[in-house]
Amino acid sequence: MATNLAEMAREAFVDDNFELAVDLYTQSIKLNPRNADLFAERAQANIKLGNFTEAVGDANKAIELDRSLVKAYLRKGIACVKLEEYHTAKAALEIGASLAQSDSRFAKLISECDQQIAEETMALKKQSTPNGQASTTNVSVESLGDSKERCTLPNQVGMTSKPKFRHEFYQKPDEVVVTIFAKGIPARNVAVEFGEQILSVAIEIPGEDAYHFQSRLFGKIIPEKCRYQVLSTKVEIRLSKADNIHWASLEYSKEAMVPQKINVSSGSHKPVYPSSKPRSRDWDKLEAQVKKEEKEEKLDGDAALNKLFRDIYKDADEDTRRAMAKSFVESNGTVLSTDWKDVGQKKVESSPPSGMDLKKWGS
């Protein structure tokens, strides 16, 4: 039965009916899940449909089952080139070329990868120069804080079977954490692979269809720094960002907004916040000017005396402050002493100015 389905799938592929071919290969894989050739052929059909992330997943599975299958490396390379993952593509193509040295397709594709990698490197160098900086909004880490922005993902990322597990992600300035809520799954049944911009997760469930999460990510990651952990209630995957940008979503989308670069403040520099209006006033300069005017302000009479008292109290130690408060209150505002040793052990009597009499309220 599996052989018949595979033959029908190949005929559908030849007739350019790629959707039917994928469907037939999927049915055949369910009957023979250890057949690497079926995954490699479905990868080819997915490439024709433009399903490049699914094609990479199929090629990876084919390679896992048979590491000498040349066409699996070729199809992984082609799909990764289409996804602009040139480093991952080159790595796969080089292995394929070593297995099939007479196949000129590998050399051509590797040359294309080298050219694209060189162009990417040149573009990054231009962005790092003052005249070539990208026109993105600067957002300080302080404005993002350590808060974990938590987003629930859509229930639509499967390759061949419907998702069985809920999943979500949150992010920090330097990493994205993806959580798949799969309870009681043995670690040996979980396979996670990382590409430059691809996350592939497969969970084998005995007696059921395998769960697949295959996604082209919003931004690029550093595969060798990524890691995952299988826990009792979930699979936690940590993606190391290649660039300190804010991901608007987990998955890549052409409609996604331009990512905002994170400007990490250092030292005493203040956060820089985006603004659509030019800065009409230098508030730092204005604040300094007000402080200077307050310092140089010339007062007279009671105002000058009150300012003197405030200045003394502001810079005084605890005993001096206690002495000032006690003497002023007990003397009804007629005595102000800064000597706690003198006023601390007695009640301070009122002492009106010369020529004036003390008058109590109500008398």
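Predicted model: local features only at pLDDT ≥ 70, side-chain atom pairs only at ≥ 80, totals over all residues.
Visitor: How much space lies in the second largest pocket?
Guide: About 610 Å³.

Visitor: Which residues lie nearest its centre?
Guide: F39, K61, E204, A210 and H212, out of a lining of 30 residues. By class, the lining divides into ten nonpolar, nine polar and eleven charged residues.

Visitor: And which element gives the most to that lining?
Guide: Helix α4, with five residues. Elements that each supply at least two include α2 (18-31), α3 (36-49) and β7 (211-216).

Visitor: Switching to α6. Which residues are buried there?
Guide: Y86, T88, A89, A92, L93 and G96. They span an arc of only 155 degrees around the axis, so they sit on the same side of α6.

Visitor: How far does α6 reach from its first C-alpha to its last?
Guide: 20 Å for its 14 residues (86-99), close to the 20 Å expected.

Visitor: Now aromatics. How many pairs?
Guide: The count comes to three aromatic pairs. One of them is F165 with Y211, edge-to-face, at 5.2 Å centre to centre and 65 degrees between the planes.

Visitor: What does that pair tie together?
Guide: F165 is in the loop between β2 and β3 and Y211 is in strand β7, so the pair ties together parts 46 residues apart in sequence. Both F165 and Y211 are buried.

Visitor: Are F218 and W247 buried or exposed?
Guide: F218 is buried at 10% relative accessible area, and W247 is buried at 1%.

Definitions and conventions:
Residues numbered from 1 in each chain as written. Heavy atoms only, no water. 1 Å grid on protein atoms, 1.4 Å probe; cavity = no way out; pocket = protein on both sides within 12 Å on 5 of 7 lines; lining within 4 Å. Points joined across faces, edges and corners; volume = space filled by probe spheres on them. Helix = DSSP H or I, 4+ residues; strand = E, 2+ residues; numbered from the N terminus. Nonpolar A, V, L, I, M, F, W, Y, C, P; charged D, E, K, R; others polar. Expected span 1.5 Å × (residues − 1). Buried < 20%, exposed > 50% of the residue type's maximum accessible area, 1.4 Å probe, protein only. Arc of directions from axis to C-beta. Phe/Tyr/Trp six-rings, centres within 6.5 Å; stacked < 30°, edge-to-face > 60°.
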